[in-house]
Amino acid sequence: MDIHELKAYFFNACAFLHIEINEIQPDIYHLVFPKKLHHVFKEEQMNITFLKEHQHLASFITTESYVLQKIAHVVTQQPKGMSHAFLPFSLQEVKQRARQLFSPDCTITFQQENTITQRYLVLWFKFTLKGFKVEESLRAFKYNLATGDISFLPFDLQELFSRVTESKKALPTIENIEEINEKMMKKATKSGASFVKEKTSEVEQELEKEIKRIHDYYDLLQLEDAFAETASTVETREEREESLKSERYLLIEQQKIKYTFHEEDLTIEPVEMVVLTEEIEYCEMTVSNSFGTHHFTLSGDMENPFICSLTKRKDGPFTLISDGRILLQEKARVCTECLQTFDYTQMKLCAVCDTSVCHSCAKRSSLTQAALCSKHATSCQGCRQQVATNEIQECGSCRDPYCRSCLSGELCELCFDLY
Ligand SMILES: [Zn+2]
Ligand SMILES: [Zn+2]
Ligand SMILES: [Zn+2]
Ligand SMILES: [Zn+2]
């Protein structure tokens, strides 16, 4: 176990045993044992640390330390009395966040609220894997009492315990509890293989280091041999080389065996069972502004479903644009001609005044192909083509507007011909 895993395991086990944990200074934790554990630890409280450099300040916790061993043992000795936990997934926060995520031009309403109740049997297992070192972990599975589906519990214990409350409702009677237990045990056992694999791959780096050390050592030996001025014959030199080679190979194989965990060294024990009632609130949400309306389904156990259709960002503030899409407000532009909103990639800037106009409102100069707003598009008296107002010149004689390709010098064709 690395320090993070050790910490997570330790804190999870503490959560199980209702041992209070407070970080009193960086990396020093104060534990308060519940009354029923006073006789086990012979103390009511204790300071602990996971850092060796703090061991003069608090009990230093390692996988071998007395405190951890004790806690790990007590976890498996827990009375298996079942409790009933209640886990609500309220919409309140989700709704509040939803409101904050839309710009003030949007009106938000919620309708059709309802609640779906799911009941589970949750069983925690302690996984203990004994190899060249001991790996321990607490893992939980939940069994849906209505559908029979078994899934991982998505929370770690600390998080779950901080969110659940003791249900006031009576514990439901579960008829086939033995059978369910058996199914969950099977599921846990099945996941054992992946647990062993996971742990083996976690120590892979350590193994690689060991192998490298062996290679370095034998590389050095061979190098020394090559430079040694012994009067050894070719035969003995070859023999020695051969034996070094097989020694090297043997050592590496031994290390590989040492660093591999085996499924038969894994024990899985059920440690705690809880009936969990989840209440998930659902509602429909309507967002509307002067350009359109959009509907969403929200639930208390989900992230907000809003996403900018252009940038895929989820942080808002969002707005609705005229084609019904959700967009980050900063990416939305109003067309000064039709007053509809678009995403900025659909906009053109007038080459004369720089205002935004949408694709369909934008006009084009036949001379330069530049986009124009309607104020700055005009037509040439000669060729009748659409051009920008700044591409037009008055004829020096008749004062009519012409584009530069229709003027000969200062004059339009008609006036030119007259002179
Ligand atoms: Zn427009
Ligand atoms: Zn313009
Ligand atoms: Zn012209
Ligand atoms: Zn003219």
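This note walks through a predicted model, from its domains to its strands.

1. Some ground rules. Residues are numbered from 1 along each chain as its sequence is written, while chains are lettered from A and ligands numbered from 1 in the order in which they are written. As the model is predicted, local features need pLDDT of at least 70 and side-chain atom pairs count only at pLDDT 80 or more, whereas totals for chains, interfaces and linings use all residues.

2. The domains. Domain 1 covers 1-78 and domain 2 covers 204-260, with bounds from an automatic or database domain assignment. Their centres, taken over C-alpha atoms, lie 44 Å apart.

3. Helix 7. Helices (H or I, at least four residues) and strands (E, at least two) are DSSP runs, numbered from the N terminus. Helix 7 has 24 residues (204-227) and reaches 35 Å from its first C-alpha to its last, close to the 34 Å expected at 1.5 Å a residue; the expected span is 1.5 Å times one less than the number of residues.

4. Two strands pair if DSSP finds at least two bridges between them. Strand 2 and strand 3 run antiparallel, joined by 5 bridges; H30 has N47 in strand 3 as its bridge partner.

5. The hairpins. Which strand does strand 6 join through 11 bridges? The partner is strand 7 (residues 134-144), running antiparallel, and the hairpin they form has 3 residues between the strands. Strand 7 also forms a hairpin with strand 8, where G148 in the turn has a positive phi of about 80°.
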